[in-house]
Amino acid sequence: MSWLYLLDSFILLMAVPAHAEPRVDIDISSVKAQINPAMWGTFLEDINFAADGGLYAELVKNRSFEFPNATAGWTKVQKQRARGVISIRDTDPFEPKNPHYMRIEVSLAGEGFGIANEGFRGMGIREGQKYWFSVYARAPMGSISFRVEIVSQDGRVIAQAKVSGVDSQWKNYTCTIVPTQTCPKAKLNLLTTEKGLLDVDMVSLFPSDGTLSFEGRPIPRLRQDLVQMLAELKPGFFRFPGGCIVEGRDLDNRYQWKNTIGDINKRKLIISRWNNEFAHRYTPDYYQSFGLGFYEYFLLSEKLNAEPMPIINCGMACQFNTGQLVPMDELGPYVQDALDLIEFANGSVDSKWGKIRAELGHPEPFNLKMLGIGNEQWGPQYIGRYKVFVKAIKEKYPDIKLIAATGSDPAIFPNGYKEVEYLWSELRKLNAEIVDEHFYRPPEWFFENAYRYDDYDHNGPKIFIGEFATQSKGIARPDNRNNWYCSLAEAAFMIGLERNADLVIMACYAPLFAHIDAWQWTPDLIWFDNLKTYGTPNYYVQQLFSLNRGDKLLDVQTRQIPEPEGKKPLYMSACLDQKASEVIIKAVNSTGKNQLVTINLKSTQLSGKDVVAIVLSADSITAENSFEQPKKVYPKQVQFSVADESFEYNFEPYSLTVLRIPVSR
Ligand code: AHR
């Protein structure tokens with residue numbers, strides 16, 4: 001077992017001789033369920049600049065000049081005694097699929113004429129780090145040279161390189177540059193001091209540490225610190241690419257996986273559904289370049305050792321937007337996309353799509369096991385389309401598990417509660433395998449619903465909580481906070497999911513990432529700026545669950561734990577980690593008081609090794625992490641010995657505690 005957290009010697013030993021009356025009995029011979037190894041996962045959607053401007057480490061915004069406003073992100077740079085014009089062209093492009101490029105026409109070179117790119121809210125640049133610059137260029141009127149500069153916020157050139165001998169044919173020119181200074185909001189200049197014409201396209205700048213290697217294969221150009229945050233979550237599954245972006249505001253702008261693989265120069269961008277979704281967080285420069293596409297998502301799943309969980313469009317655009325529908329008799333290509341995706345992931349290298357995967361560098365299958373049919377879909381229109389997908393997929397791939405939608409959070413979509421009842425009754429009739437539920441609610445709802453799944457039918461479809469997050473103020477409100485109380489409510493809810501592990505087989509928080517200057521939705525699990533990142537208290541809750549999953553759910557009987565005002569003070573689950581031979585107890589103390597409890601382990605003996613307690617708590621229930629204090633709410637770890645199988649433990653006020661108790665095999 002590897003522990004991420006340091007032993008905190010300031011936590012006093014909390015095990016004392018057994019006297020307290022409130023008591024918990026855990027019988028390790030009474031196994032209630034197997035816990036899915038992929039139970040706690042993660043969900044990446046390109047919202048809040050999560051992919052473009054975030055995880056996808058490209059620093060140049062609108063690198064291909066294909067935003068509808070083709071000069072967005074670019075400005076003209078005219079140094080002393082320089083004159084010229086810049087214009088967008090599309091005649092004789094280097095890549096017809098993305099035809100626009102920039103023409104820089106220099107009549108007077110002076111000290112430099114050219115263009116600057118502002119990046120995604122600036123470019124995060126690190127001193128000493130190598131950066132890869134790449135551009136497609138030509139000089140229609142004879143050879144020309146230009147220089148590449150990285151310029152800090154205060155106007156200093158902190159890195160530069162020269163590209164010489166650009167001739168009349170489109171060619172790719174590359175160089176590496178190493179900045180002399182760290183800067184959170186730098187920009188990139190392309191300047192020439194020669195008179196003439198210079199055409200440029202696919203202007204690109206990446207940090208060289210953005211390539212991660214998985215068994216020798218590079219994962220193209222991801223932001224290392226954000227991947228590290230994902231890796232430290234140890235997710236059991238990886239859901240992608242959305243969310244509402246799967247559906248699109250209309251069908252033209254839905255996510256089409258085939259447009260996101262292969263030669264990056266041919267990937268066509270589309271508007272992000274989050275660009276103009278919220279007037280209060282309008283983000284007119286939000287487009288999906290698909291530099292991070294399905295192949296990269298599969299590679300990332302593999303790197304994270306997480307089961308890939310793609311979600312596909314089922315012929316319906318977002319029902320919060322246009323709700324556009326593909327007629328039933330025109331659904332064929334959508335179903336084919338799903339079938340081809342499975343072949344792309346799992347097919348042999350002799351199959352059409354398996355061959356494409358192999359050509360991209362991954363002859364081995366990705367071992368895809370599950371697929372989501374639509375995101376937040378509802379109505380008979382969904383059921384009709386879902387049936388068509390299930391029939392076609394099951395005929396060809398009977399082992400692929402299919403995930404069905406139950407709309408959005410029932411509190412927010414039209415007739416939500418009735419709708420969900422309807423969808424559930426239809427999905428039961430159809431023997432759906434896995435049903436996806438979403439919850440964006442206040443903290444009290446999460447505490448109250450820690451028992452929700454106790455009352456569900458445990459013999460029907462399995463449940464996936466595909467999106468959940470506590471909203472401190474209200475759904476999608478910009479003043480929602482990632483505070484400790486909200487995180488604690490999620491922990492109580494997750495204990496309820498674990499207690500029902502025979503029914504609830506997977507869960508993930510949403511959304512995952514948010515750029516501090518470019519978000520649309522809050523709360524979010526991980527915040528970042530151009531150089532830094534931090535995990536919220538919610539992140540550490542997710543992490544504690546996935547690092548302490550266990551494989552066999554145990555029976556927990558609580559006795560005489562007082563419930564002031566009918567509110568549960570302690571939420572508790574227990575499981576066995578067979579490999580480590582440890583009983584894992586998870587407990588949330590939802591009150592401001594200590595909870596002293598006798599823990600009684602039945603049908604086992606202690607191994608003699610120390611018990612480890614990992615405690616997540618905070619000075620105040622409104623505590624939050626931040627760039628300045630990224631670990632204000634952070635797990636502390638302590639070890640202590642207990643003499644026998646019955647011992648007292650004091651659960652701190654407002655805390656999530658994980659106890660790992662070594663037992664004999
Ligand atoms: O997580 C943010 C959004 O919330 C998702 O895109 C959507 O599925 C849900 O409505």
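Reader: What should I keep in mind about the values?

Author: This is a predicted model, where local features need pLDDT of at least 70 and side-chain atom pairs count only at pLDDT 80 or more, while totals for chains, interfaces and linings use all residues. Residues are numbered from 1 along each chain as its sequence is written, and side-chain values use heavy atoms, with hydrogens and water left out.

Reader: Why is helix 9 called roughly parallel to helix 10?

Author: Helix 9 (residues 484–499) and helix 10 (residues 537–547) pack at an angle of about 25 degrees, with axes 8 Å apart. Angles under 35 degrees count as roughly parallel, over 145 as roughly antiparallel, 65 to 115 as roughly perpendicular and the rest as oblique, so helix 9 is roughly parallel to helix 10. Helices here are DSSP runs of H or I with at least four residues, and strands are runs of E with at least two, numbered from the N terminus.

Reader: Which residues of helix 9 and helix 10 make the contact?

Author: Contact means heavy atoms within 4.5 Å. Among them are Trp484, Met494 and Ile495 of helix 9, along with Val541 and Phe545 of helix 10.

Reader: How do you know whether isoleucine 261 is buried or exposed?

Author: Its relative accessible area is 12%. Buried means under 20%, exposed over 50% and partly exposed in between, with a 1.4 Å probe and protein chains only, so isoleucine 261 is buried. Isoleucine 261 is found in the loop between helix 2 (244–247) and strand 17 (270–271). Leaving aside neighbours within four places in sequence, its contacts include Phe344, Trp353, Ile356 and Leu360.

Reader: And why is threonine 192 called buried?

Author: The relative accessible area of threonine 192 is 1%, so the residue is buried by that cut-off. Threonine 192 has its place in strand 12 (residues 183–192). A polar atom of its side chain lies 2.8 Å from the backbone oxygen of serine 145. Beyond neighbours within four places in sequence, the contacts of threonine 192 include Val106, Phe113 and Ile144.

Conventions: Axes fitted to C-alpha atoms, helices over the stretch in contact; angles between N-to-C directions. Polar contact = N/O pair within 3.5 Å; in protein donor to acceptor, adjacent residues only side chain to side chain.
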